[in-house]
Amino acid sequence: MQASEFSNNVIPVADLPSLTSVESEPISPAYRQLNLWLTSAIFGFIGLLLGIVLVQPWFELPEPVPFILLLCLAGLVFIGAWIFTYHYFADPLIRFSIREQDLVLFKGLFFKDIICQPILRIQHIDIQRGPFERLAGLATLKVYSAGGSDHTLAIPGLPAESAERMRQFVLNHSDLSQDEA
Amino acid sequence: MNAPVDTTSAVDNWQRVSPWSVLHFLFEQLKQSVSIAVYVIPAFILGAHNNIPDALVPFIIAGLVVSFVVSGVLKYWFFQFTISKSGIAIRSGVLDRTYTDLPFERIQNVKFDQPFYFRFLDMLVVTLDTAGSSKQEAKFAGVTRDYAETLKHTILQARKYHQTAVQASAEDSPETEQQVAADQVINRRSLKDLILHGITNNRVWILLGAAAPFYEQGTDWVINQMTSLRPHIEQWFGSEAVTFWYVGVMTAMLVIGLMVIMALLSVGGSILMFYGYTLSKREDKYIRRSGLINRQEVSMKHSRIQVFRMQQDWLDRLLKRVNLYFEQNVTGNQYQPETKAANKLLVPSVTVEQAVALAEDVFPAQQARNITYTGAHIRYFWRLMLIVVTPLTVVVAMLTIGFLGLYGVLLTLAFLACASAVARACWKRWGLAHDDQYIYLRKGAFGVDYWYFPRSKLQQVALCQNIFMQKRRLVSLDLVLASGRLTMPYLPQDYVYSLTDDTLAEIEQHKPGWM
């Protein structure tokens, strides 16, 4: 027999790539911290303002107003606590993986999402960094495919430097130029 | 290829469209002013006319007309374009000059329109769509048909050349095609079809509207019956109920009247839009031509079609008709009305056989109508009941029981029964299936909608499950295509995983193009 490229070995079904068994890595823990801080700061600040208005000694509030303010304050505390708790539990669940041929994002606390974007179908890719993300040294990697911007795959909470490396990986990928024209 | 067209050497080549395009600019201006007039005229009538002497009014109107004409002429004069090897460059605008540079390969679509004022000159408005934003489109008004065809030919040729240059091994057909190949008409719609389309596309409205011929007899009969039944009603339910009853019946009649009008409007709209409908095929393109007053021509390249959709509402099913949609890339021009959008090609109210034939033409070997579908899990039905039917029933109960007491309970129960039936029909209809080439999706309630697309057109996959679904190993599947997202709820997890893994592997391995 002659050695050739041809082979026909048995491939165990379990060895075929599958979304169920993708190994993934977590995003930066700083993302959760940032969200928790932001939530506390924003809600704390508004709550403080309401509280000051409520107890300040300079002018009397007409009758239903203090009650309404109190209701608002209670609502605020509730929503703030909800968002805080949500980020506390949900952010560590955001994970992603870069495979040779696609990007996969895992996320969700109550609704678990797995989104898979083949690199072949990426239209363009960019990195977004808001002021707070910059402060925390984080970045969001956004990957656009055809079919409208609401299907954008966004991986938040990446260390700025690794977001840049991921972007380069995608840009250098040989598939990226295939779909053009 | 984003080097701008060489303007220095192309200076001599700048050309204008036909002077008749002034007509087009005039009408555009008129359209705009009508929308402004809606605000201005009431203001004028209310106050301003006291301040303006009546003698001046004709002058003002004359001034407006002159300014329209002047601006039309200026717009025509300042609209210049040049065609180079790589693309089309356009200079336009009177005050703020814009320079648009359209490389051929970025032009997605060439659309021909014939507004009524160009009808007897047989001139066209040519719109060039690009893949990018909707603002990046070019309109050539007042072009002769021959020139429009040449333009289209040039663009297609240039793009083909570019494509073969970029990917030598592309799956595109070899270049030995004869451009002269004539259009082959593959579908026509008669006036009868269009009337049917107008009727069926108004959906629920028509059920009662269809009773129109019997309207008068019906009214007499109803009133007679009501009068004769009145004593009994009073006896059974009390005199208050009689009032309700009368009001109810009168409302129903009013509604029927409205529906007849709606149906007529709908039929009118259908004829206006689709009069003289032909769907033809030339080489690898589908071309739709239609319109009573404004002739419209939309063409779509076969390889650009992302999804094929066969839509049948309950009324369509009764009449055995199907609406077909060829959908392509949606990026850029998302907010257009369905019938006008260049990204959708609609074939209105064809018969089932014609639908199947066209489906075969677009995506051969499809089996949308006879493949076995995997349905949504029964939990989907319970979810519908829980988050849609129950809240609605509570609202109905509060409204009816509050006003009508015991009858309210009956009404509420009736509502609950109907809503549950709809929910059940809806749940039953969902289905997903696949074969080697295509993925099929079925949905609807009393109607049926089939969507199917080649697996190679897939852009992105998203799987979603909540914690309850996770326990039951159920998944909702989102398939993103260039034409938009298709969702299928509550599927068995194993099926979804194997389907998505296979499809992704196929795409990533063979790297098929989607345009």
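Author: Let us begin with B:Ala368, which has 21 C-beta neighbours inside 10 Å and therefore counts as buried, the threshold being 20 or more. Please bear in mind throughout that this is a predicted model.

Reader: Where is B:Ala368 found, and which residues does B:Ala368 touch?

Author: B:Ala368 lies in the loop that connects helix H10 (352–362) and strand E15 (374–375) of chain B. Leaving out residues up to four places away in sequence, B:Ala368 touches B:Met310, B:Ala359, B:Tyr440, B:Tyr450 and B:Tyr452. With B:Tyr450, the separation along the chain is 82 residues, while the C-alpha atoms are 6.9 Å apart.

Reader: Is A:Arg134 buried or exposed?

Author: A:Arg134 has 11 other C-beta atoms within 10 Å and is therefore exposed, since 12 or fewer is the limit for that class. A:Arg134 belongs to helix H3 (residues 131–135) of chain A. Its C-alpha atom is separated by 8.3 Å from that of A:Ala160, 26 residues apart along the chain.

Reader: How is burial read for a whole helix? Which residues of H5(B) are buried?

Author: One counts the buried residues along the helix. In helix H5 (residues 191–200) of chain B, 7 of the 10 residues are buried, so this helix is largely enclosed by the rest of the structure. The buried residues are B:Asp193, B:Leu194, B:Leu196, B:His197, B:Gly198, B:Ile199 and B:Thr200.

Reader: Which residues have the most contacts inside the largest nonpolar core?

Author: They are B:Tyr452, B:Phe453, B:Leu479, B:Leu481 and B:Leu491, in a core of 83 residues. E20(B) contributes the largest share of this core, 6 residues. A second, separate core has 25 residues, among them B:Ala89, B:Leu102, B:Phe112 and B:Ile155. To return to B:Phe453, its contacts, apart from neighbours within four places in sequence, are B:Gln306, B:Val307, B:Phe308, B:Tyr438, B:Ile439 and B:Leu481.

Reader: I turn now to sheets. In what order do the strands of the open sheet in chain B stand?

Author: The general idea is that strands of a sheet pair through backbone hydrogen bonds, in either a parallel or an antiparallel manner. Here, an open sheet of 4 strands in chain B has the order E1-E2-E3-E4, with antiparallel pairing. Strand E1 (15–16) and strand E4 (98–103) of chain B are at the edges with a single partner strand each, so one side of each has no neighbour in the sheet.

Reader: How many bridges join E1(B) to E2(B), and how many join E3(B) to E4(B)?

Author: E1(B) is joined to strand E2 (residues 80–83) of chain B by 2 bridges, and B:Gln15 stands opposite B:Phe81. Strand E3 (residues 87–92) of chain B is joined to E4(B) by 6 bridges, with B:Arg91 partnered by B:Tyr99. The hairpin of E3(B) and E4(B) has 5 residues between the strands, and there B:Gly93 takes a positive phi near 95 degrees.

Reader: What pattern of elements does chain A follow, and how do H1(A) and H2(A) cross?

Author: Chain A contains 4 helices and 7 strands, in the sequence pattern β-α-α-β-β-β-β-α-β-β-α. Of its 181 residues, 24% are buried. The axes of helix H1 (residues 29–55) and helix H2 (residues 64–90) of chain A come within 10 Å and cross at roughly 175 degrees. That makes H1(A) roughly antiparallel to H2(A), because the angle is over 145 degrees. The contact between H1(A) and H2(A) comprises 15 nonpolar, 7 polar and 1 charged residues. Among the residues that meet are A:Leu36, A:Phe43 and A:Leu50 in H1(A), with A:Leu69, A:Leu76 and A:Phe84 including those on the side of H2(A).

Reader: Finally, how many residues does each chain give to the contact between chains A and B?

Author: Chain B gives 35 residues and chain A gives 29 residues. On the side of chain B, helix H4 (145–166), strand E19 (460–466) and helix H14 (493–510) are among the elements that each supply at least two residues. That side of chain B divides into 15 nonpolar, 15 polar and 5 charged residues. Strand pairing also crosses between the chains: 6 bridges join strand E4 (residues 111–118) of chain A to E19(B), and these strands run antiparallel. Within this pairing, A:Phe111 has B:Asn466 as its bridge partner.

Methods
Residues are numbered from 1 along each chain as its sequence is written. Chains are lettered from A and ligands numbered from 1 in the order in which they are written. This is a predicted model: local features need pLDDT of at least 70, side-chain atom pairs count only at pLDDT 80 or more; totals for chains, interfaces and linings use all residues. Two strands pair if DSSP finds at least two bridges between them. Two residues are in contact if their C-beta atoms, placed from the backbone, lie within 7 Å. Ala, Val, Leu, Ile, Met, Phe, Trp, Tyr, Cys and Pro count as nonpolar, Asp, Glu, Lys and Arg as charged, and the others, Gly among them, as polar. A nonpolar core is a set of buried Ala, Val, Leu, Ile, Met, Phe, Trp, Tyr and Cys residues joined through C-beta atoms within 7 Å. Axes are lines fitted to C-alpha atoms, for helices over the stretch in contact, and angles run from 0 to 180 degrees between N-to-C directions. Angles under 35 degrees count as roughly parallel, over 145 as roughly antiparallel, 65 to 115 as roughly perpendicular and the rest as oblique.
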